[in-house]
Amino acid sequence: MKILAIDTSNKPLSVAVMDNDNLLAQTTLTTHRKHAEFLMPVIEDLVQKSDLLPTDLDRVVVADGPGSYTGIRMAVTAAKTIASTLGIELVTVSSLLNLALNIQKEDALINPIFDGRNQNMFTGLYRWNHGSIETVIADQHINLSNWLELIHNYGEQIVIIGDTDSFEKDMRTALHSQLVVGDSLDGIPSAAKLGQYGLTQAPIKDVDAVVPRYLRLTKAEADWKKLHPNEDTHDYVEKV
Amino acid sequence: MARDLVLSFETSCDETSVAVIENGNQILSNIVATQIKSHQRFGGVVPEVASRHHIEQITGCINDALKEADVTYDDLTSVAVTYGPGLVGALLIGVTAAKAVAWAHHLPLVPVNHLAGHIYAARLVEPIEFPAMALVVSGGHTELVYMPEENKFEIIGETRDDAAGEAYDKIGRVLGINYPAGKPVDELAHKGQDTFKFPRAMDSDDNFDFSFSGLKSAFINTVHHADQINETLSREDLAASFQQAVVDVLADKTDRALKEFPVKQLILAGGVAANKGLRERLTKNLAAFKDTKLELVPLSLCGDNAAMIGAAGEMLYRHGARADATLNADPGLEFDWLADEIK
């Protein structure tokens, strides 16, 4: 099975072309946040250098968030359009889970973090169990102090990766020696690992309905929801 | 003759639209998913919400457009997409999807200026004859564009502050009318009289520029002043007075432009081109220009839609316009100004 894997959830851009478990080509950039300009050329380049045509692909695997709203929209728009237009499979994977795949430790909890500004984070808790990764606490947008309350009772080591700089000091105070700060290279997503993981997952049934995993309403919608808690939000877009 | 089929994309603001256009002038399909109801919650377009709706809709619209046109990817000649002006996050959904389709099916990608699309909507009715002039009036733009020949666009005048459609939405709010206010204000205006005589900014200035922010302020001040002294003003007369001021300025500047640049066709395009008052007035004024034909873009094609992008895209394709996979959104994209010293 030929797989195209894409992660542009944050500043790094990572794209890979795989043949099942085998990596054919991968590009990872951390120098620019120009996903709009770079994503499609990188895809074109890697598929071509893998000696494949777009029509040779069987599956697209995309890290669908959380992350930068524009970043996850670039990846998901490209992924769902390629899957839809070629009539091939689409698998969506949490961008936090994709980062957790970089830490292959059976005896620790893995805590990938994206900075959500003002002491907020997009985060989740994962662990390996007999070679497969499991979710311990689901991905969410949460304030640091609330997150620490959720995780401080686990007795195991907690490895933080990703945007750790803004949180390390406070997390160290709460978790002491339980806290392990991951290597900075492990904080960069690998599309090859994403593709490998995506190979094992069931494809999405309704590709057209796929949207990014924002994990957060826009401010306008959140304010509206406070005032209209029971409103049905399904019919806001109409085909005319 | 082989069919020339453009698959076109438009996502610059609050409509996700995909169309299939044959030979540049025939609409085989024109799918438009509008987000108006969503943004009405907030009284105007919220960019992040717009982007989120576009990504929900985009592939469904592509499939619907192909199905309704009864064509497959193999039948297509090119892919055309609006890359500006507009909301950057919204534009990027159409641009990314169009690039993905073009790559997947080895199709040439044609970048289209949204305003060229509005103007070329006219050719979906009949061929554009050059030289031509376009008055483009929408929620984001108000400009007079001179077109000496096909694929040449030269701005000769534009708004210096608010776009006309923006002014409608702002005064609509004061009248308790939700966005988009153009149509309800137009309807109210037809029931009232121009009793307030609001200012016609720049109307007699020796240029082709517009300004609507002073008119908007005069309107708002009039209503606020009446509120303070507990006086109730006629909403119909307020709407009629506002609309008359807008239409006067647009029509007078257009007259002036037609005198300086004799053209074979005047095209009225853009969302505000659906305004009945403006259509009536230009129709009347054009009687004085015997050699100029008025082309009113049909109401169904005045708002944002991908059919117009396909109509412009086919023309641009013939002129060699191509983009590669690096194409980015250009939210501030503009036509050039006419290259002489008329300003």
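**Entry 1. The sheet in chain A**

I began with an open sheet of 5 strands in chain A, whose order is β8-β7-β6-β9-β10 and whose pairing is mixed. Strands here are DSSP runs of E with at least two residues, and helices are runs of H or I with at least four, each numbered from the N terminus. I took two strands as paired if DSSP finds at least two bridges between them.

I then asked which strands stand at the edges. They are β8 (132-143) and β10 (179-181) of chain A; each has a single partner strand, so one side of each is left without a neighbour in the sheet. On average, neighbouring strands of this sheet are turned by 25° against each other, direction ignored.

I noted before going further that this is a predicted model, in which local features need pLDDT of at least 70, side-chain atom pairs count only at pLDDT 80 or more, and totals for chains, interfaces and linings use all residues. Residues are numbered from 1 along each chain as its sequence is written, while chains are lettered from A and ligands numbered from 1 in the order in which they are written.

**Entry 2. Inside the sheet and on it**

I looked up the pairing of β6 (residues 108-115) with β9 (residues 157-162) in chain A: the two strands run parallel and are joined by 6 bridges. A:I113 stands opposite A:G162 of β9(A).

Helix α5 (residues 168-175) of chain A packs on the sheet and touches β9 and β10 of chain A, its direction making about 150° with that of β10(A). Helix α4 (residues 144-151) of chain A lies across β7 (120-129), β8 and β9 of chain A and runs at about 145° to β8(A). Axes are lines fitted to C-alpha atoms, for helices over the stretch in contact, and angles run from 0 to 180 degrees between N-to-C directions.

**Entry 3. Domains of chain A**

In the contact, 6 residues of domain 1 of chain A meet 6 residues of domain 2 of chain A, where contact means C-beta atoms, placed from the backbone, within 7 Å.

**Entry 4. Where the chains meet**

How many residues of chain B are in contact with chain A? I recorded 38 residues of chain B against 32 residues of chain A. On the chain B side, β3 (26-34), α1 (36-40), α2 (47-69) and α3 (88-104) each supply at least two residues, and the largest share, 12 residues, comes from α2(B).

I also noted a pairing of strands between the chains: β11 (residues 238-239) of chain A and β3(B) pair in the antiparallel sense over 2 bridges. A:K239 has B:A33 as its bridge partner in β3(B).

**Entry 5. Two helices of chain B**

B:G165, B:Y168 and B:G172 of α5(B) make the contact with B:G182, B:P184 and B:V185 of α6(B).
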